[in-house]
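Work through the exercises below with the sequence and the 3D view open. Try each task before you read its solution.

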Amino acid sequence: MFRITRFSGFFSAAMFVIVLIVLSPSFQSEAIRSSHRFSFRKAPPFRNAHECAWVPDETKGCDPSLVHVAITLDVEYLRGSIAAVHSILRHSLCPENVFFHFLVSDTNLQTLVESTFPHLKFNVYYFDPNTVSHLISSSVRQALEQPLNYARNYLAELLESCVERVIYLDSDLVVVDDVAKLWSASLGSRAIGAPEYCHANFTKYFTAAFWSEPSLSGTFAQRRACYFNTGVMVMDLVKWRKEGYTRRIERWMEIQKSDRIYELGSLPPFLLVFAGHVAPIEHRWNQHGLGGDNVKGSCRGLHPGPVSLLHWSGSGKPWLRLHSKRPCPLDSLWAPFDLYAHSPS
């Protein structure tokens, strides 16, 4: 089941089935424009264990038994998004109680999801790039400048008001544990929860001009500000809406346009608003950096400790490296969740 939701004045286009044949992952955008077709294998049905609460198939997303997960869907990262969903379903005790919220800028993708996961509970929300394009500054990597990368900032407006909490996940990860455990993380009085990394060099995320101007850098006064990765977050949308965090993030993006206070995409505004005010979540829920740095995308190993989520943040993506026959060792942990169908020529 699915539903497409209007946002920023957009009226949904007629839906039609796309079955993709892509010659190379690097040409996926061109494939869409040229009316080529993607092809993903249909996932097997995933059923609840006996102890799970029953949720009717026709639920619209407001049932209190649901676990809400938000993920973006776009052409460049579609293979990763499908693998992420597959991994969540495979490891969930109650997969039929997971409700997905897909954020899109291309409305032709929802039928692909339905054909790949026929029993999935999900809504699709169109995110108008014009909502944020005028606020986006150039970044160290072009992929970080895409408007859909900022859709997480608007989840409180996009999702139905009955959705009070959501897990936001990037498209370049797989979950290898029951996502309900992450869902149940305590946020206390905080609006977001995420694994924090207080040993990281926090100053590098902002320019010298930012740190030399007390009216800017003073925002971190009286705060124990730690780095956190925005690709895995548990968000309290009730608190978010009440405190107006979307507008707070936008305000820092406006300052960035005039003063150039950071270089790295959508992360720094989140740090400016939330660092030091994040409910800590176990590091096992974001083994990040597996995609290497933002330039070379070199191979990396796992951090010490247990693993519940593997995250290929950085420029190297497992589906591209596997396709090129130059995978990193840990890319083999992503491959079992890949549903991409390699069509015959």
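**Exercise 1. Which residues of the largest nonpolar core touch the most other members, and which element supplies the largest share?**

Step 1. Take the core itself. It has 49 residues, and those touching the most other members are Leu155, Ile192, Phe206, Phe228, Met235, Trp240 and Phe274. A nonpolar core is a set of buried Ala, Val, Leu, Ile, Met, Phe, Trp, Tyr and Cys residues joined through side-chain atoms within 4.5 Å. Buried means under 20% relative accessible area, exposed over 50%, and partly exposed in between (1.4 Å probe, protein chains only).

Step 2. Find the suppliers. Elements that each give at least two residues to this core include helix H4 (155-158), strand E5 (165-169), helix H8 (237-243) and helix H10 (267-274). The largest share, six residues, comes from H10. Helices (H or I, at least four residues) and strands (E, at least two) are DSSP runs, numbered from the N terminus.

Step 3. Know the source. The model is predicted: local features need pLDDT of at least 70, side-chain atom pairs count only at pLDDT 80 or more, and totals for chains, interfaces and linings use all residues. Residues are numbered from 1 along each chain as its sequence is written, and side-chain values use heavy atoms, with hydrogens and water left out.

Step 4. Zoom in on Trp240. Leaving aside neighbours within four places in sequence, Trp240 is in contact (heavy atoms within 4.5 Å) with residues including Ile192, Met235, Ile249, Phe270 and Phe274. Apart from this core lies another, of 43 residues, among them Val69, Val104, Leu173 and Val234.

Step 5. In soluble globular proteins, nonpolar side chains tend to be buried together.

**Exercise 2. Determine how many residues of H10 are buried, and what covers them.**

Step 1. Count. Eight of the eight residues of H10 are buried.

Step 2. Name them. They are Leu267, Pro268, Pro269, Phe270, Leu271, Leu272, Val273 and Phe274.

Step 3. Look at the cover. It includes E7, helix H6 (208-212), E9, E10, H8 and H9.

Step 4. Check what comes next. Gly276 follows H10 and has a positive phi, near 95 degrees.

**Exercise 3. Trace the pairing around strand E3 (residues 98-104).**

Step 1. Start with the faces. Val98, Phe100, Phe102 and Val104 lie on one side, Phe99, His101 and Leu103 on the other, and all are buried.

Step 2. Strand E2 (residues 67-73) and E3 pair in the parallel sense over seven bridges. Two strands pair if DSSP finds at least two bridges between them. His68 has Phe99 as its bridge partner. Ala70 stands opposite His101.

Step 3. Follow the chain. From E2 it passes through helix H2 (residues 78-91) to E3, in a right-handed β-α-β crossover. Right-handed means that, with the strands pointing away from the viewer, the path from the first strand over the helix to the second runs clockwise.

Step 4. E3 and strand E4 (residues 121-126) run parallel and share six bridges. Val104 stands opposite Tyr126. E3, helix H3 (residues 110-116) and E4 also make a right-handed β-α-β unit.

Step 5. Return to E2. Seven of its seven residues are buried, so E2 is largely enclosed by the rest of the structure. E2 also pairs with E5, parallel, over two bridges. There Ala70 has Tyr168 as its bridge partner.

**Exercise 4. Is Asp177 buried or exposed, and which side chains does it hold in polar contact?**

Step 1. Locate Asp177. It sits in the loop between strand E6 (173-175) and helix H5 (179-183).

Step 2. Read the accessibility. At a relative accessible area of 13%, Asp177 is buried.

Step 3. List the polar contacts. Its side chain meets that of Lys181 at 2.9 Å and that of Ser308 at 2.8 Å. A polar contact is a pair of N or O atoms within 3.5 Å; within protein, one must be able to donate a hydrogen and the other to accept it, and residues adjacent in sequence count only if both atoms are side-chain atoms.

Step 4. Move to Trp285. Trp285 lies in the loop between strand E11 (279-280) and strand E12 (309-311). Trp285 counts as buried, at 4% relative accessibility.
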